[in-house]
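The structure is shown below.

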Amino acid sequence: MSPWLADRYVKNAVSPTGTTEYLRAAGSAVIVAPLVEEFFVRGLMYQRWAYAWNRPVLALLVTSVLFALPHGHVINAFILGVVAILVYVETRSLWAPIGIHAIGNAITVFGGLPMEAGFELATGGTSSGVVVGWLSLIVSGLLLAWLLRRCWGALYEPPPYIEHEQRSEEISNGEEAPDDKTAVADRA
């Protein structure tokens with residue numbers, strides 16, 4: 001990529017000056033980034049590593065760290081990476097993590113409040129912002145624990161892409177698909 005194009009893109013993305021630049025930055029953050037990042041990180045990296053290493057939890061941690069490093073809030077991005085993989089393995093579809101990612105980016109682009117402003121709004125500007133912060137951390141921790149408990153078993157099932165690939169190999173080797181067996185038995 002040429003340096004002047006990268007410089008122009010970053011400048012316009014960070015501080016868009018016109019409507020067109022703002023819409024381009026918003027579209028990039030809300031549509032393009034979730035599609036590309038989820039496809040690459042969850043759809044390719046996580047699946048391949050979980051299958052190749054036969055250690056889905058290690059693949060979850062490594063891909064979540066790699067997803068988080070280029071983002072500004074590394075801890076938040078790491079947690080988003082963990083949640084996205086758990087939702088992906090539970091739903092067996094990339095559309096749910098893409099949606100979660102797009103919603104998170106949309107909140108950030110279209111009016112996300114800085115942490116301090118959010119505490120001031122929630123507490124009326126009092127010093128109880130620390131209490132609200134700890135309560136938020138506790139509630140989100142409990143929700144994350146619930147999601148981990150609910151989705152943990154799905155981590156140890158074959159990843160969706162690998163499962164589809166194995167089924168395709170069985171069919172190409174002359175074995176009938178499970179639905180075909182019941183159809184053949186019904187005809188006999």
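## Contacts of Tyr-46

In this predicted model, Tyr-46 is in contact with Val-41, Pro-56, Ala-59, Leu-60, Thr-63, Ile-85, Tyr-88, Val-89 and Leu-155, leaving aside residues up to four places away in sequence.

## The largest nonpolar core

The largest nonpolar core has 17 residues, of which Tyr-46, Leu-60, Ile-85, Leu-86, Val-89, Leu-147 and Leu-155 touch the most other members. At least two residues of this core come from each of α2, α3, α4 and α7 (129–151). The greatest contribution is that of α4, which supplies seven residues. In soluble globular proteins, nonpolar side chains tend to be buried together.

## Helix α3

Helix α3 comprises the 13 residues 56–68. At 1.5 Å a residue these should span 18 Å, and the end C-alpha atoms are 18 Å apart, in agreement with that expectation.

The buried residues of α3 are Pro-56, Ala-59, Leu-60, Thr-63, Ser-64, Phe-67 and Ala-68. Because they cover an arc of only 155° around the axis, they lie on the same side of α3. An α-helix has 3.6 residues a turn, so residues three or four places apart point the same way. The partners against which the buried residues of α3 pack are α2 (19–53), α4 (74–91) and α5 (95–109).

## Asn-105 in helix α5

Asn-105 is located in helix α5. Its side chain reaches the backbone oxygen of Ala-29 at 2.6 Å. Not counting residues up to four places away in sequence, Asn-105 touches Ala-29, Val-30, Ala-33 and Pro-34.

Key: Residues are numbered from 1 along each chain as its sequence is written. This is a predicted model: local features need pLDDT of at least 70, side-chain atom pairs count only at pLDDT 80 or more; totals for chains, interfaces and linings use all residues. Side-chain values use heavy atoms; hydrogens and water are left out. Helices (H or I, at least four residues) and strands (E, at least two) are DSSP runs, numbered from the N terminus. The expected span of a helix is 1.5 Å times one less than its number of residues. Buried means under 20% relative accessible area, exposed over 50%, partly exposed in between (1.4 Å probe, protein chains only). The arc is that of the directions from the helix axis to the C-beta atoms. Contact means heavy atoms within 4.5 Å. A polar contact is a pair of N or O atoms within 3.5 Å; within protein, one must be able to donate a hydrogen and the other to accept it, and residues adjacent in sequence count only if both atoms are side-chain atoms. A nonpolar core is a set of buried Ala, Val, Leu, Ile, Met, Phe, Trp, Tyr and Cys residues joined through side-chain atoms within 4.5 Å.
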